[in-house]
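Hi there,

Here is the structure I promised to pass on. Have a look at it first, and then read on for what turned up.

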Amino acid sequence: MIPRQITVMGDKIAVKQTVKAIEALESGDTEIMGLAFILEDLILIRKDLPAKAKPKVLVHEIAHLAMHKNGIDQFLTKEQQEVICQMVSHLYFELKRQGL
């Protein structure tokens, strides 16, 4: 289950599931599964994703917000940010599977 609100580094973040808002931002071959709107304190997740994928996307987007809130995003390219967010999401669920 995806919560409607979470707290990231002390800030309340709204979480919404949608399809149209995300599809409108897609271009070419890029499929967007989630988006973090940093200034709006908002995360969007594709409503049509499989239930198992949604928590992974949520953690990925939380990592984007956390990087911005602590300022590290200023020192990283967009590609580096994506790799770090993917790593954080994979590590989170790997540790969760191990009961940590």
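A residue is called buried under 20% relative accessible area, exposed over 50%, and partly exposed in between. M87 has 45% relative accessibility, so it counts as partly exposed. Please keep in mind that this is a predicted model.

M87 sits in helix α3, which covers residues 78-97. Together with V88 and L91, M87 makes up a nonpolar surface patch of about 250 Å² accessible area. As for how α3 meets helix α2 (residues 54-69), their axes come within 8 Å and cross at roughly 130 degrees. That angle makes α2 oblique to α3, and the crossing is right-handed.

Now to the charges. The structure holds four salt bridges. One of them pairs D11 with K69, with 2.7 Å between the closest N and O atoms. This pair links distant parts of the chain, since D11 is in strand β2 (residues 11-18) and K69 is in helix α2, 58 residues apart. K69 also meets D41 in a salt bridge, at 3.5 Å from N to O. Here D41 comes from the loop between β3 (34-37) and β4 (42-46), 28 residues from K69.

Another salt bridge joins D48 and R46 at 2.9 Å, N to O. D48 is partly exposed, with a relative accessible area of 46%, whereas R46 counts as buried at 5%. Through shared partners, salt bridges join D11, D41 and K69 into one network.

Finally, R4 lies in the segment before β1 (5-8) and counts as exposed because its relative accessibility is 75%.

Best wishes

Note on methods:
Residues are numbered from 1 along each chain as its sequence is written. This is a predicted model: local features need pLDDT of at least 70, side-chain atom pairs count only at pLDDT 80 or more; totals for chains, interfaces and linings use all residues. Side-chain values use heavy atoms; hydrogens and water are left out. Patches are made of residues with over 30% relative accessible area and no salt bridge: like charges are joined within 9 Å, nonpolar side chains (Val, Leu, Ile, Met, Phe, Trp, Tyr) within 5 Å. Accessible areas come from the Shrake-Rupley method with a 1.4 Å probe; for residues, only the protein chains shown count as cover. A salt bridge is a side-chain nitrogen of Lys or Arg within 4 Å of a carboxyl oxygen of Asp or Glu. Helices (H or I, at least four residues) and strands (E, at least two) are DSSP runs, numbered from the N terminus. Buried means under 20% relative accessible area, exposed over 50%, partly exposed in between (1.4 Å probe, protein chains only). Axes are lines fitted to C-alpha atoms, for helices over the stretch in contact, and angles run from 0 to 180 degrees between N-to-C directions. Angles under 35 degrees count as roughly parallel, over 145 as roughly antiparallel, 65 to 115 as roughly perpendicular and the rest as oblique. A crossing is left-handed if the near helix is turned anticlockwise from the far one by less than a right angle, and right-handed if clockwise.
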